[in-house]
Amino acid sequence: MPSVKVKIYSVLSKFYLKRQLQTLLESSISDLNSYGVVSRPDETVAPAVPSFSDTDGVATKNLHIDPLTSLSLRIFLPDSAIVSPNSLPKLRVRVSSKSRVGVSNESENGVYGGYLPDKNRKNCKKLPVIVQFHGGGWVSGGIDTVANDTFCRRMAKLCDAVVVSVGYRLAPESKYPAAFEDGLKVLKWLAEQANLAECNQSFENGKFSGFHGEGGGRRRQIVDGFGSLIVEPWLAAHGDPSRCVLLGVSCGANIANYVAQKAVEAGKLLDPVKVVAQVLMYPFFTGNIPTKSEIKLANSYLYDKAMSMLAWKLFLPEEGFNLDHPAANPLSTWGLVPLKYMPPTLTVVAEHDLMRDRAIAYSQELRKVNVDAPLLDYKDAVHEFATLDLLLGTPEAQACSEDIAIWMKKYISLRGHEFSY
């Protein structure tokens, strides 16, 4: 059975979440717009700190990548991306009036105080990219919550990877398919970034004609100005999109699975991005016909059946509401691609999670068509046991993250180093 602390937290959390869901459901949001929101004002947030932390050696920054929507990202860069960390300049860290640690915009020589890669990239190492989708029952959570920030930092260090956490649009302001479209848009943005970075690097190396002789200087100036505005320097210097893993937490796992299907469908159109694996952590799957766990654990810890229904009513279109919708049930007949084409898929489930049976069934179906799809089933665990703020420090949460990293490194490590951890 879960600990007393988990039980008490579950009671308080369910009361708060159920009230939040009911309030959102009862409130008349008639002014739905495509811009949307990606966070709630009552969330406890962690600021982005663009220099490497003394605590965990991870630097973070936020990006807003779509002018037409609120879609945003937080990038987590571990110091293992630097060949010689001792060569980095010392940055001045300040504490704001709100007692939040931040990084000054100026270092001692008066320039930007965050980490910037070397222009020649001699001190830069390429790392795999993990695209992470947070949980929150479609209506809450965010890239900058303390829990999500802590979890992503942990995964960046354990996996030696650049983690790109996706701030997708939340319901009910933005119903289906907004969050799914945002997930796919990020993958396309990563492909664009990789191609732009390669193009910019080629110009810098003089591989294109027109930079020497008459008019060459002017064209070079245009290219430099254009590239500096749109190329994300951390990803350009350190990201290897050919080793991309999708990682989804709770409802974020549903988004990850959809994006994986669309990546398979797109094929080489997403080059150089290649989704080599995905991790589904206690996915938010459901369906019209209840499973044994949905019946037995209808009043389970943290998230019960009633709350799950409220969340789906807020997310799915009101017309033709159907729990066998492809966003909710991956085994519905509306699948985008045959399961045999799906990437290797690690599924994490908890003993006291009402959604566990459907996740297990999906994992079994993948294995039937010879997809590498192991299942990690954690005893005495509850939904989001490895990603909730109160539980992140538990041995179970740490073990789960380490187990994920061990499996993931089979697919993101460079050839010959798959088992060098």
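Me: What share of the contacts in the chain with a separation of 6 or more comes from residues 24 or more positions apart?
Reply: This is a predicted model, in which local features need pLDDT of at least 70 and side-chain atom pairs count only at pLDDT 80 or more, while totals for chains, interfaces and linings use all residues. Residues are numbered from 1 along each chain as its sequence is written, and side-chain values use heavy atoms, without hydrogens and water. With contact meaning heavy atoms within 4.5 Å, the share is 78%.

Me: How many helices and strands are in the chain?
Reply: Both are DSSP runs numbered from the N terminus: helices (H or I) have at least four residues, strands (E) at least two. The chain has 10 helices and 10 strands.

Me: What percentage of the 421 residues in the chain is buried?
Reply: Buried means under 20% relative accessible area (1.4 Å probe, protein chains only). In helix 8 (residues 305-315), the buried residues include Trp 312 and Phe 315. Over the 421 residues of the chain, the buried part is 54%.

Me: Which residue caps the N-terminal end of helix 8?
Reply: A polar contact is a pair of N or O atoms within 3.5 Å, one able to donate a hydrogen and the other to accept it. Here a side-chain oxygen lies 3.3 Å from the backbone nitrogen of Ala 306, and the capping residue is Asp 304.

Me: How are helix 2 and helix 10 placed relative to each other?
Reply: Helix 2 (residues 146-159) packs against helix 10 (residues 395-412) at about 45°, with axes (lines fitted to C-alpha atoms) 9 Å apart. Angles under 35 degrees count as roughly parallel, over 145 as roughly antiparallel, 65 to 115 as roughly perpendicular and the rest as oblique. The two helices are therefore oblique.

Definitions and conventions. Axes fitted to C-alpha atoms, helices over the stretch in contact; angles between N-to-C directions. Buried < 20%, exposed > 50% of the residue type's maximum accessible area, 1.4 Å probe, protein only.
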